[in-house]
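Q: Could we go through this model together, beginning with the chain as a whole and then turning to its sheets and rings?

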Amino acid sequence: MEIKRLPIEQPVNKLKMKATAKEQMEQSESSHDEEDEGPTRAKRGKPEVVHNGLLRPVKLSRGDLYKPPTADELNQLKEAESLFHCSLLKMQMEELLKEVSLSERRKQLIDSFVQSVTEQLQTVPQTSDMELSDLSWLSGGVKVPFVLVPKAAKGKFHMAPPISVTIIGSYPLGTCTKPGISVDLAVAIPADVLHPKDALNQRYPRKRAIYLAGLAQHLAASPAIGAMRYSCLHGNRLRPILLLSPPGKDSSSFILRLHACPPPGFFKPSRFHPQRNNIRTDWYTVTSEPPTPHYNSSVLGDMLPRAHLQFLTTVSSQCAAFAEGVALLKVWLRQRELDQGVGCFSGFLGSMLLAYLLSCHRVSNTMTAYQLLRNSLHFLAFNDLTENGITLAKGPDSTAPSLAEFHTAFQVVFVDPSGHLNMCADMTACTYKQVQHEASLSLQFWDDPTVDGFHALLMTPKPMIRTSDHVFQLCELVKLQCCCKKLNLLSELMDHSGNYVLTALPFILSLLQRGLGQRVRLLTHSLTPDPEWPVESDAPKHNAQPPLSFGLLLNPEQTASVLERGPPADSPKAEEFRQLWGSRSELRRFQDGDITEAVVWEGETTCQKRLVPRQLITHLLLSLLLSHADIPESCVRYIGGMLDDVIKVGREVCSTGEEESLKVVQSYDDLSRKLWTLEGLPLSITSVQGAHPALRYTQVFPPVPLKLDYSFFDREKYAICVFSTMNPSRLPSPVVVICHMEGSGKWPHDRVAIRHIKAAFHISLGELLTQHHHYTCQPSPTHLDVWKDGLVFRIQVAYHREPQVLRESVSPEGLLIVRDNAEAQALEMATMQRPLLTSTLHGLQQLHPCFGAVCRLAKRWLGAQLFSDDITEDTADLLVASLFLQPAPFTPPGSPQVGFLRFLHLLSSFDWRNNPLVVNLNSQLTAADYTEIKNDFIASRESLPVMFMATPSDKKVSIWTSRGLSLCAQMLQRVVMVAAESLKILEPQLMDTSQIQDVVMRPPLDPYDVLIHLSPKQVPLLSQAVDPPHATFSRGILAGRVANTGGALPVIDFNPVTHYLAELRDAFGDLALFFYDPYGGTVIAVLWKPKAFTPLPFKVKTGSQGTCLSFPLYLLINFFAILEDFRVMGQGLVKSVEPRTDRWVV
């Protein structure tokens, strides 16, 4: 008989070194790009990776090791010392710049393709004049990339070859970076195709779009051109562009973007003054002729790209690090999703910003790329362009608008060198405030020596769902068209050429800012992505845009307030307040005697109060904006508490455990005070400390005070406890309390005698608590159970020298030996480390109200994925604490949802093998401590746990992940992989209205070999499952009653599944691993260990579990006999045992 393990697909190793900059910034780079670069020399001191993934230094010869540094090396060392926290940051910057720069082979490919396209464009055939509305000459299914509304447009058009084809943008400037390489080509439309009055009534944008369609028709027949698509420059529908890809295997290497532009000097810039009108009312059905600043800016943008390139070329030639500084700024913007879409802070704006700083001498021409980036971020952080715009024009003509005139037309002002164009015309004030916030945050983290600023600020993506505390979406945007009419925004609608989304957006943002007030620190919105469509399709209409998303960065001090207090009733602002809130506003008298307008929102529990912004936003949008369009409430989709269901406690009142935890803490505080005041003990109490997750608000399902109905219980004679004959799902779990007694010479120096003394203290404490406070107490040798307020407190007496006594032993020669052991470590953790951690995390909860909820979500996910035995509760709490103490590049989480997403990101992206996770509790660690921890970690990596966590009281050992933990490298790899997949699935699901979010709470059971299905009726905590039963029974519990203190003690912490699991591990732990969800799971997953398939030499004591082969005798495991043992051991609890024999064969 042959036993073998079937080969299975191995999961991706997530524990290798962190991905290099190339892996993160370039996904589409061809594998052969570097082949033509030639061999590279090995750099001195460059680290290499050995087979186990650990970083090892390269061995140097004696001559290289003691070779004196050159003058250039000395200058670099001095620069690194003065500019960077360490030389590593300088090297990281240099490597990043190398990876995002274009290779020589890529440049040659681009130049060749540009030359080929230019030659093709020179052969465009010329056609005769025809009406602008006559498109019959277009053949081959090519469409015009423009929404022709209104359809009527005067003018003539004919096709002709361009008068010039010029490379513009970042490529000739040397600032083009990977990924997403785009090369811009300006195609000048012949002057005889245009008319000087084409700026009126969208005639120029239409001719521009038709000219692009003619170019697409001509290029479609060329074999030198690959795929062709249309798009819009930064989402501006008035500025369509033609996207060309090279043919063959290089089709994804880069994109060539064709811009149709008027010939130089064709239009007068003064024609496009922000206060001038270029769309006539009789053509667009508007009663007046308002200015059209956004339309004017679109036309101006086509007139000035060559001048902008010339200006930037002149500036960059004076600064050697200009291109590298722009590249770093582009990477920074890309990671924050600020460089794409309508109104974005594009790479072009970044180049212009750096040019402005150089021209104003705010930065020096000799600065490095790192200095240019820092100074750019400093300028953005401390200069508000929404109030004080800036200009690059040094001597504009008299017709150029002033900055004040620009501010009256646009929210953000940054004027180009001509003095006529506002380069931030489409940017909203909220977008610029987001840029300011991100720049300020980046500077804060970069100046912190304890933060890895490079990876946090340049290598970590920040999508909205992971950055904002709450997100909400506005769906069915087509309804906004009616809102524009009702809100009298037709002039703005004409200026935006019918784009009702961009027209209504400023009004929506203003309305939200007025309503949210101090509840939010930052309001952001999504930037509509640039649309792309085939040249054979019509241009997408405005209703084809994705839902508009808004992000809220909450102010924790204000956001949960249910009261919106307004001005006094006799104040002039009272009427404005009533108009804003409508029927929700009412007069109220307060305790200070004031009578003011006020709005009161619904919310009893912390869970409900966290979602007060949802009520507020829904009221504002539905009552004041969408009510004009008859839009249902479902069009406003709020993504703030969509994961709360898995940690809700109770069904009558929605709660995520904060109120229940508070009751436990209050009862504990009362018990602690009473313990301090007890008299009659032989020794006084020196400290009373909690050592339970509920006392730090992090227990997934905290104990609920119970009022027992003793008619449902049986009680044995002379017994102090009662046991239930009904469903035991509501039996209480004990809250552990550590009670330290004072030191005295009367304490014995023998471990057994100390235990006897502690047992005597348990008896004395129980008698005194019963005598003075009438508590029901049950003493035992190891603890004292106290029944108080419907809760069970388990008091454990501790003696501070007991761990030291456990470490001491006497040799046969009479010598005293002090040796650490597992028993002393466990006792020290239970009586000293865990109480200290509980009090510290309790303080963190007071600073960040959502800390406990994030911990509960994280531990609920670990339990649902069957990882609770690998990552303990204390470890999970510390992981979450690191998100609040070292949140870079984010702010501390302001909601459980965003905290949970960052928890998954931390698990999946942190380099556990090569870096320690430092949790700086109470900010006790300094930069020197961080360096010491890192050095000790590298020196002792082989002997340290696979997941290393350092705290102020534990810098070298990582006690929270090294003891009582079965986490090995393979299991950590599994945790990392599942966390990455969960994050990959969950984030899109939260933003998608049609998907279910709790799928990440359902474990994949395919990798397991055996599934033990439990009878749901015998699982005590079934109500805590991800899919709880529709009906639960709690007989023996009086609902809605005040919890009692006296009476008989109920059965404590009864869970047959836990005992069954312990027996399985005790009996078969050497052959298999057992996984279980402790929160109501009904499946125990079994994974055979590799050694279970290895024949062993025959021994008499193992003969009952195996089958003998031939001589010499070997033993093979009888798996089916073990499966039968699973059934027998769990009789009454086990429903069925399902062997997955497709994964292993006997």
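Q: What share of the contacts with a separation of 6 or more comes from residues 24 or more positions apart?
A: In the protein chain that share is 73%, where contact means heavy atoms within 4.5 Å. This is a predicted model, in which local features need pLDDT of at least 70 and side-chain atom pairs count only at pLDDT 80 or more, while totals for chains, interfaces and linings use all residues. Residues are numbered from 1 along each chain as its sequence is written, and side-chain values use heavy atoms, with hydrogens and water left out.

Q: How many helices and strands are there?
A: The protein chain has 35 helices and 40 strands. Both are DSSP runs numbered from the N terminus: helices are H or I with at least four residues, strands are E with at least two.

Q: What percentage of the residues counts as buried?
A: Of 1146 residues, 52% are buried; the term means under 20% relative accessible area, with exposed over 50% and partly exposed in between (1.4 Å probe, protein chains only).

Q: Turning to sheets, what is the strand order in the open sheet of five strands?
A: The order is β21-β24-β27-β26-β25, and the pairing is mixed. Two strands pair if DSSP finds at least two bridges between them.

Q: Why is one side of β21 and of β25 left without a neighbour in the sheet?
A: β21 (685-690) and β25 (776-779) stand at the edges and each has a single partner strand, so one side of each lacks a neighbour in the sheet. On average, neighbouring strands here are turned by 25° against each other, direction ignored. Axes are lines fitted to C-alpha atoms, for helices over the stretch in contact, and angles run from 0 to 180 degrees between N-to-C directions.

Q: How does β25 pair with β26?
A: β25 and β26 (residues 784-788) are antiparallel over four bridges, and a hairpin joins them through four residues. Thr776 stands opposite Trp787, and Cys777 stands opposite Val786.

Q: Which helices pack there?
A: Helix α25 (residues 751-773) touches β21, β24, β25, β26 and β27, and its direction makes about 140° with that of β27. Helix α24 (residues 658-676) lies across β21, β24 (735-741), β26 and β27 (791-798), running at about 170° to β21.

Q: What about the open sheet of four strands; what is its order?
A: That sheet runs β34-β35-β32-β39 with antiparallel pairing. Its edge strands are β34 and β39 (1134-1139), each of which pairs on one side only. Its neighbouring strands are turned by 20° on average, direction ignored.

Q: Which residue of β35 is the bridge partner of Leu1073?
A: The partner is Leu1087; β34 and β35 (residues 1083-1088) pair in the antiparallel sense over five bridges. Helix α34 (residues 1056-1068) packs on this sheet, touching β32 (1010-1014), β34, β35 and β39, and its direction makes about 165° with that of β34.

Q: Next, is β7 mostly covered or mostly open, and what does it pair with?
A: Strand β7 (residues 182-188) is mostly covered, with six of its seven residues buried. It pairs with β6 (residues 164-168) in the antiparallel sense over five bridges, and seven bridges join it to β10 in parallel. Asp184 in β7 stands opposite Ile168, while its bridge partner in β10 is Arg257.

Q: Finally, how many aromatic pairs are there?
A: The structure holds 27. Rings of Phe, Tyr and Trp (its six-membered ring) pair if their centres lie within 6.5 Å; planes under 30 degrees apart count as stacked, over 60 as edge-to-face and the rest as tilted. One of these pairs is Tyr204 with Phe267, edge-to-face at 5.7 Å centre to centre and 80° between the planes.

Q: Where do Tyr204 and Phe267 sit in the chain?
A: Tyr204 is in helix α7 (residues 203-219) and Phe267 in the loop between β10 (255-261) and α8 (281-284), 63 residues apart. Both Tyr204 and Phe267 are buried. Together with Phe266 and Phe272, they form one aromatic cluster.
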